[in-house]
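Please look through the sequence and the 3D structure shown here, and keep them at hand while reading the briefing that comes after.

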Amino acid sequence: MADDLFKALADPTRRTILDELTLKSGQTLFEICSRLSMKHQLGISRQGVSQHLAVLEAAGLVETRREGRYKFHDLNTAPLRRIADRWLAPDASRPEENTP
Amino acid sequence: MKIHLTSVFVDDQAKALHFYTEILGFVKKHDVPVGEQDRWLTVVSPDEPGGTELLLEPTGHPAAKAYRDALVQDGIPLAQFAVDDVHAEYARLHGLGVHFIQEPLDMGPVTTAVFDDTCGNLIQIATEPA
């Protein structure tokens with residue numbers, strides 16, 4: 001699971017997809033493709049974007065949701081919190097905060 | 001050569017005529033019976049009565065459903081219409097109960113939005129760069 005997460009984050013296009021989903025969660029494949037091409041001038045095929053989304057979904061960073069006939073992609077930041085929990089010490093144990 | 005006619009497959013021609021005229025604001029141009037149930041049914045923009053016609057075509061072919069379902073699932077519009085102001089048109093159509101699956105999005109010089117035409121298709125509206 002951790003390997004999937006770091007692999008997902010290692011690619012700049014996938015980080016851009018996460019940036020765009022941060023601006024607005026719940027996007028169709030078409031909207032994500034539009035944002036990448038129009039806002040970021042990234043010339044990636046729809047199939048390519050689908051593959052990036054599959055990697056993000058495997059890492060748990062993107063979740064898909066069916067609503068009627070449409071399929072939306074939502075951002076899930078929970079896996080990122082696990083990174084923070086792993087390396088960033090909790091507030092109570094920070095030396096500077098223990099010092100009066 | 002010029003583009004005289006384009007088409008969208010619609011589930012129900014009567015329902016489509018209502019949506020494309022009463023809601024979107026196009027006007028009926030041709031309505032000719034074809035066969036037992038189908039009609040040759042076209043609409044045009046009131047701004048361009050002699051302009052490109054949009055054929056509201058019956059979804060008779062068995063492949064049409066699979067084709068349209070696949071496009072709709074991925075949010076891909078079947079047609080794009082030009083409007084003066086996407087944000088204003090969004091507000092107008094939203095007020096009439098039209099369901100948008102992509103709200104107005106400013107992308108550099110182009111602004112777009114995508115809605116469901118209630119007849120099985122997604123339609124994109126766009127404000128063309130000045």
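This is a predicted model: local features need pLDDT of at least 70, side-chain atom pairs count only at pLDDT 80 or more; totals for chains, interfaces and linings use all residues.

Residues are numbered from 1 along each chain as its sequence is written, chains are lettered from A and ligands numbered from 1 in the order in which they are written, and side-chain values use heavy atoms, with hydrogens and water left out.

**Where the chains meet**

- Contact, which here stands for heavy atoms within 4.5 Å, links 20 residues of chain B with 14 residues of chain A.
- The two chains, B and A, bury about 1,600 Å² between them, and 59% of this is on carbon and sulfur atoms; buried area is the accessible area (1.4 Å probe) that two parts lose on being put together, summed over both.
- Of the area that chain B buries against chain A, 35% is supplied by Gln73(B), Ile101(B) and Met107(B), which is more than any other three residues give.
- Between chain B and chain A the count is 1 salt bridge, a term that stands for a side-chain nitrogen of Lys or Arg within 4 Å of a carboxyl oxygen of Asp or Glu.
- Arg69(A) forms a salt bridge with Asp69(B), and their closest N and O atoms are 2.9 Å apart.
- Asp69(B) is partly exposed at a relative accessible area of 28%, and Arg69(A) is partly exposed at 32%, where buried means under 20% relative accessible area, exposed over 50%, and partly exposed in between (1.4 Å probe, protein chains only).

**Salt bridges over all chains**

- Over all chains, the count comes to 12 salt bridges.
- In chain B, the side chains of Asp31(B) and Arg39(B) meet in a salt bridge with an N to O distance of 2.7 Å; Asp31(B) is partly exposed, with a relative accessible area of 30%, and Arg39(B) is partly exposed, with 24%.
- Glu89(B) and Arg92(B) also meet through their side chains in a salt bridge (2.8 Å, N to O), and both lie in helix 3 (residues 86-95) of chain B, 3 residues apart, which is about one turn of the helix.
- Within this pair, Glu89(B) counts as buried at 19% relative accessibility, whereas Arg92(B) is partly exposed, with a relative accessible area of 35%.
- One network, made by salt bridges that share partners, joins Glu20(A), Lys24(A), Glu31(A), Arg35(A) and Lys39(A).

**Nonpolar cores**

- In soluble globular proteins, nonpolar side chains tend to be buried together.
- A nonpolar core is a set of buried Ala, Val, Leu, Ile, Met, Phe, Trp, Tyr and Cys residues joined through side-chain atoms within 4.5 Å.
- The largest nonpolar core has 26 residues, and of these Tyr20(B), Leu56(B), Phe81(B) and Phe115(B) touch the most other members.
- Among the elements of chain B that give two or more residues to this core are strand 1 (5-10), strand 4 (53-58) and strand 7 (110-116), and helix 1 of chain B gives the most, with 5 residues.
- Leaving aside residues up to four places away in sequence, Tyr20(B) touches several residues, including Val8(B), Phe26(B), Leu54(B), Leu56(B), Phe81(B) and Ile123(B).
- A second, separate core of 16 residues includes Leu29(A), Ile32(A), Leu36(A) and Leu53(A).

**Positive phi angles**

- Gln41(A) is not a glycine, yet its phi is positive at about 55 degrees; Gln41(A) sits in the loop between helix 3 (29-39) and helix 4 (46-58) of chain A, and it is exposed, with a relative accessible area of 62%.
- Thr118(B), also a residue other than glycine, has a positive phi near 65 degrees; Thr118(B) is found in the loop between strand 7 and strand 8 of chain B, and it is partly exposed, with a relative accessible area of 36%.

Definitions and conventions: Helices (H or I, at least four residues) and strands (E, at least two) are DSSP runs, numbered from the N terminus.
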